[in-house]
Amino acid sequence: MNSVLVCSEKDLPNGSKKVVNFQDTPVVVLNVNDSYYAIEAVCPHQRGPLSQGAVLPKLEASFVEAGKRLDEYFSETSFTISCPWHGWEFDLSTGHHCGDSEVSLKVFNIVTESGNIYLKE
Amino acid sequence: MGNRNYSVVDVDAHFFEPLHDFAHYLDEPWKSRFSGATRGRFIPGSTGDRWVGGRIMRNVTSYPQNDMAPEEIPAVMKHVGLDKIILLPNKMLSFGKLSSDEIAVPLANGYVDYMLDKVVNPSEGIYTYVVAPFQDTEESVALIDRVADEKGIVGLCLVTAGPEPPLGDRRYDLIYEACQDRKLPVVFHAGGSSVDNFFIRGYRKFLETHTLGFLWNNMAQIVSLVVQGVPEKYPGIDIIFQESGIFWVPLMMHRLDAEYMKRRSEAPLLTKKPSKYMQEFYYGTQPLESPENEEHLEQIVNMIGGPEHLMYASDYPHWDYDRPSVITDLNFLTDDQKSMVLGKTAEKVFGI
C-alpha cells in the first residue's frame with residue numbers, strides 16, 4: 001500500500017494527534033499550529049509511547065557574549081515531541097533526536113485531498 | 001633523544017620550588033609575608049603518606065626531603081628519559097583550596113615570574129604552564145596577556161580540585177576567550193587526595209582517597225565544561241585533561257550521553273553528544289592503568305578517540321610517576337602511534 005487515510009481534516013484540529021498504521025509501522029500524525037506532521041510513534045530508546053509525548057517548540061540557544069547568560073528561546077518554526085518515559089526529544093520535521101542527529105525516526109509525507117489527510121510514500 | 005627510539009615530551013612533571021627563593025618574585029606585602037613564613041602557612045598542604053612508610057624513594061633529586069633546585073632538572077630529564085619537559089610548580093596544585101583572591105592573584109603572578117626567571121629554559125626543552133588565579137577572572141586575563149607570548153609558556157593550567165562554581169560556569173568565559181585569542185591550550189590538572197580533607201571524611205588510608213581524589217575532581221569539571229558548552233563557545237581551544245589515567249573517560253562519556261539524550265533542552269548549546277566533544281579533547285596518560293588483558297586498555301584508547309588523543313605524562317617526581325615504558329611496552333600501538341603519544345602530539349598542540 002502506497003498511501004493510507006488518516007482522517008478528515010476536521011477530525012484533526014490544531015493541537016490534536018492521531019495514531020495510524022502505515023507500512024506496518026505505528027505513526028503519530030499531529031496538527032501543530034495548523035501544520036501536519038507524521039513521525040514514527042515508538043521511541044527507539046526503550047520503545048516508549050512517543051505518540052503520548054509533549055509537543056513543544058524546539059528550545060534553542062545562542063552564545064551572545066563572554067560571561068553572559070545564554071540567550072535561550074523557543075523556535076517559531078521547529079517543533080518537537082518528547083517520549084514520556086525518558087524524555088528523548090525528536091524534531092517533528094526531520095525525525096532527528098534533538099541532541100544527536102545520528103538517532104532518527106522516520107517521518108512521512110502528508111497529503112491532503114478533498115478534505116482528507118493521507119500518508120503517502 | 002631521551003628515549004632510544006622516540007622523542008619524548010613529558011606534559012606533566014612538577015617542580016618543587018623553594019618557598020624563600022620564590023618569595024622574591026612576589027609584590028609586597030606578600031614578599032615579606034612569604035619570606036618569613038614556614039611551609040604550609042599560606043598554601044594548604046595535603047595529608048597522606050605518599051611514600052608508603054619509606055618504601056618509595058627518589059634518588060635523582062633532593063625531593064622529597066627538600067625542595068628541588070633548577071640545576072637538578074637536566075638530571076631528572078635524563079633519568080626519566082625525556083627530551084622536553086613541561087613543569088608545573090607543585091604548590092600550585094593546592095591553588096584550588098585558596099578561597100581568597102588576595103592571595104591567589106599575587107601567587108599566580110609570582111610563580112610565573114619565578115618559573116620564567118629561574119626554571120624555564122626553552123633551548124633546553126624546559127617549559128611551564130601559567131596557572132590561572134581562577135578566583136579572579138579579570139586578573140587571570142591580565143596574567144595571560146602579560147605572559148602568553150613568552151616562549152617558555154606553552155599553555156594555561158586550571159587546577160580541577162577546588163573551583164566553585166565548576167569550570168564550565170560562564171564566570172570563567174573571559175579566561176577561555178583570552179586563551180582562544182592567544183592560541184593557548186588549556187590544561188585541566190587534577191589534584192586533591194588528602195586523607196583528612198577528602199569530600200567524605202573518615203577514610204583511613206591514602207590508598208583510598210588517592211584512588212578517588214584526582215578522579216572525582218576531573219569528573220566534576222569535565223561535566224561542567226561540556227554541558228555548559230565551553231567547546232561550542234570557544235571551539236579554537238585545545239583542551240587537555242591530566243592526572244587521572246584514562247579509564248574514567250569512557251565512563252563519563254557514556255554517562256553524560258545517557259543524561260544528555262534524556263535532557264537535551266538543558267544543554268541547548270550542544271550540537272552533538274557530550275562524548276563527541278570529549279573525543280576531541282586530549283588526555284595525559286598518567287597514571288596509566290595496566291589491566292592484565294591489554295586488549296581492555298586498547299578498547300579504552302579507541303573509545304576516547306584513539307592514540308592521537310593521548311599525551312605521555314610522567315608526573316615526576318610524585319610517588320606514582322610513570323616512565324615512558326608505559327607507552328613503549330604497549331603491544332597494540334604501532335611505532336608511529338607510540339611516537340605520537342610520547343611526543344609528537346604534544347609538540348604539535350603546545351607548539352614546542
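The largest cavity is lined by I246(B), T285(B), L288(B), L297(B), V301(B), L310(B), I327(B), L330(B), L333(B) and V341(B). Here a cavity is a set of points, on a 1 Å grid over the protein atoms alone, where a 1.4 Å probe fits but cannot get out, and lining residues have an atom within 4 Å of a point. This is a predicted model, in which local features need pLDDT of at least 70 and side-chain atom pairs count only at pLDDT 80 or more, while totals for chains, interfaces and linings use all residues. Residues are numbered from 1 along each chain as its sequence is written, chains are lettered from A in the order in which they are written, and side-chain values use heavy atoms, with hydrogens and water left out.

**The cavity**
- The whole structure holds 1 cavity of 30 Å³ or more, and the largest cavity has a volume of about 40 Å³, a volume being the space filled by probe spheres set on grid points that are joined across faces, edges and corners.
- Its lining divides into 9 nonpolar, 1 polar and no charged residues; Ala, Val, Leu, Ile, Met, Phe, Trp, Tyr, Cys and Pro count as nonpolar, Asp, Glu, Lys and Arg as charged, and the others, Gly among them, as polar.

**The pockets**
- A pocket is an open set of points with protein on both sides within 12 Å along at least five of seven lines.
- The largest pocket has a volume of about 790 Å³, and F16(B), G45(B), S46(B), N90(B) and S94(B) lie nearest its centre among 38 lining residues.
- That lining has 14 nonpolar, 15 polar and 9 charged residues.
- The second largest pocket takes up about 350 Å³; of its 17 lining residues, A161(B), G162(B), N197(B), F199(B) and N217(B) are the closest to its centre.
- Around the second largest pocket, the classes are 6 nonpolar, 9 polar and 2 charged.

**Where the chains meet**
- Contact (heavy atoms within 4.5 Å) involves 24 residues from chain A and 16 residues from chain B.
- About 1,600 Å² is buried between the two chains, with carbon and sulfur atoms giving 60%; buried area is the accessible area (1.4 Å probe) that two parts lose on being put together, summed over both.
- On the chain A side, L59(A), F63(A) and G99(A) lose the most area to chain B, together 28% of what that side buries.
- The interface has 1 salt bridge, defined as a side-chain nitrogen of Lys or Arg within 4 Å of a carboxyl oxygen of Asp or Glu.
- K273(B) pairs with D100(A) in a salt bridge, their closest N and O atoms being 3.6 Å apart.
- The largest share of the side of chain A that touches chain B, 5 residues, comes from β5(A).

**Chain A and its backbone**
- Chain A has 0 helices and 11 strands, where helices (H or I, at least four residues) and strands (E, at least two) are DSSP runs numbered from the N terminus.
- Its C-alpha atoms fill a box of roughly 55 × 30 × 20 Å along the principal axes.
- N33(A) has a positive phi of about 55°, and D34(A) has one of about 65°; D34(A) lies in the loop between β3 and β4 of chain A.

**Cis peptide bonds in chain B**
- Most peptide bonds are trans.
- A cis bond joins E28(B) and P29(B), with omega about 10°.
- The bond from E164(B) to P165(B) is also cis, with omega near -5°.
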